[in-house]
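Dear colleague,

Please find below the structure that I am handing over to you. My notes on it follow directly after.

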Amino acid sequence: MNASHAVPRAAPDVDLTQEGPLGASLRQLFHAEKHEAFQSLLRQAVAHLDRIAQPSLSHLLFLLRFGERACLEPSLLQGLLDALRDRAEQDAGLRPVWQAVARRQDFRLRLQAGRKGPLTLVSLGLHCLPWTLVNRWGFRDTPQFISLQNPFCMAVHKADTVVQAIAQDFGAYAEPALMREATTPQGQRIAMRQDGGAVWNHHRGPAWLDEDYAGLRQSLTLRAESFRQSCRAEGLVFLMGDSRVDVPPKAPIPFLAPLRQALARATGQPDCRLILTSQPRRGGTRGLTWLEDGTALIAVPYPHPRYVWANDDEADSAQGLDFEQAYAEALLACLQNWGMAA
């Protein structure tokens, strides 16, 4: 990789030449929510990729995809793209992912060049799209992969539950008496609220659920504190995805006023910037409607009714990229309207 890129030195206890143990360590850290250690090791793995004589396709795909998700610096991602350019031309398995990351990189660099001051884009759910998609299109800086992980980032929520959690400062949000277990189609144990208001679908198995959901509740406590801290940051914008609201709305949005009131109390600001997005599965037109100066409503339909945005191969397909870029361009339009980007 080009020596001009500023990269971290490898930690002395990590052998960056051994792909198998390195990959296992990365996955273990990610699933254990050791976010800082995961990001640090991932940065080292990307920066020192040339230490592995013949990296496998699966390892390269992991670095490309998780480099984006973990908000690695655009310069580091560009170095990875440059290093893999020749192989991507020859490898049909690598090529579409390389091309997808390169397309998102073009947007990331344009966004980076047009930024006007700080941006703190906080996810309000209602699932993981406002976290994962927004990360990989460059709207969050490297430190924000750690600092902006809040309870709404990696779970499925109802809008009313989000409003209640913020209004009550997460009191009674994840009490054991309000929770129950469920089993995924793959046979994995997960937790959810009994009222269906939250499903913690990324916290799977006994490490998170046993002993009255102790592991999960500890994680959510830390994430709630991150939310509180983010509410005091500069350049604050809140984003709620898949809000299932018609664009333009055919009726008043029932959760909007309570949500804005809860955010005002949480931030100490009477007028917060808020973006609601809707991803209809039945198609329709893309659009952006301003509900008021500080609240935008965006429609970006999914490419087809069975589209799974969280599937990496679908996200990196031509249809997936068109959908994601339309979403990213609409967010950028909101930032431009607020004078936060050129």
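Threonine 277 has isoleucine 298 as its bridge partner in strand β9. The model is a predicted one, in which local features need pLDDT of at least 70, side-chain atom pairs count only at pLDDT 80 or more, and totals for chains, interfaces and linings use all residues. Residues are numbered from 1 along each chain as its sequence is written, and side-chain values use heavy atoms, with hydrogens and water left out.

Strand β7 (residues 273-278) runs parallel to β9, and five bridges join them. Strands here are DSSP runs of E with at least two residues, and helices are runs of H or I with at least four, numbered from the N terminus. Two strands pair if DSSP finds at least two bridges between them. Strand β8 (residues 287-292) also pairs with β9, in the antiparallel sense and over five bridges. Glutamate 292 has threonine 295 as its bridge partner in β9, and a hairpin of two residues joins β8 to β9.

How many of the five residues of β9 are buried? The count is five of five, where buried means under 20% relative accessible area, exposed over 50%, and partly exposed in between (1.4 Å probe, protein chains only). In a regular strand, side chains alternate between the two faces of the sheet. In β9, Thr295, Leu297 and Ala299 lie on one side and Ala296 and Ile298 on the other, and all are buried.

I turn next to the aromatic rings. Rings of Phe, Tyr and Trp (its six-membered ring) pair if their centres lie within 6.5 Å; planes under 30 degrees apart count as stacked, over 60 as edge-to-face, and the rest as tilted. The count by this rule is 20 aromatic pairs. One of them is edge-to-face: phenylalanine 152 and phenylalanine 227, at 5.8 Å centre to centre with 85° between the planes. This pair links distant parts of the chain, 75 residues apart: phenylalanine 152 is in the loop between α7 (144-147) and β2 (156-157), and phenylalanine 227 is in helix α9 (residues 206-230). Phenylalanine 152 counts as buried because its relative accessible area is 0%, and phenylalanine 227 because its relative accessibility is 2%.

Tyrosine 302 and phenylalanine 323 have ring centres 5.2 Å apart and planes at 45°, so this pair is tilted. Both residues, tyrosine 302 and phenylalanine 323, are buried.

Finally, Phe30, Phe38, Phe62, Phe66, Trp131 and Phe145 form one aromatic cluster.

Yours sincerely
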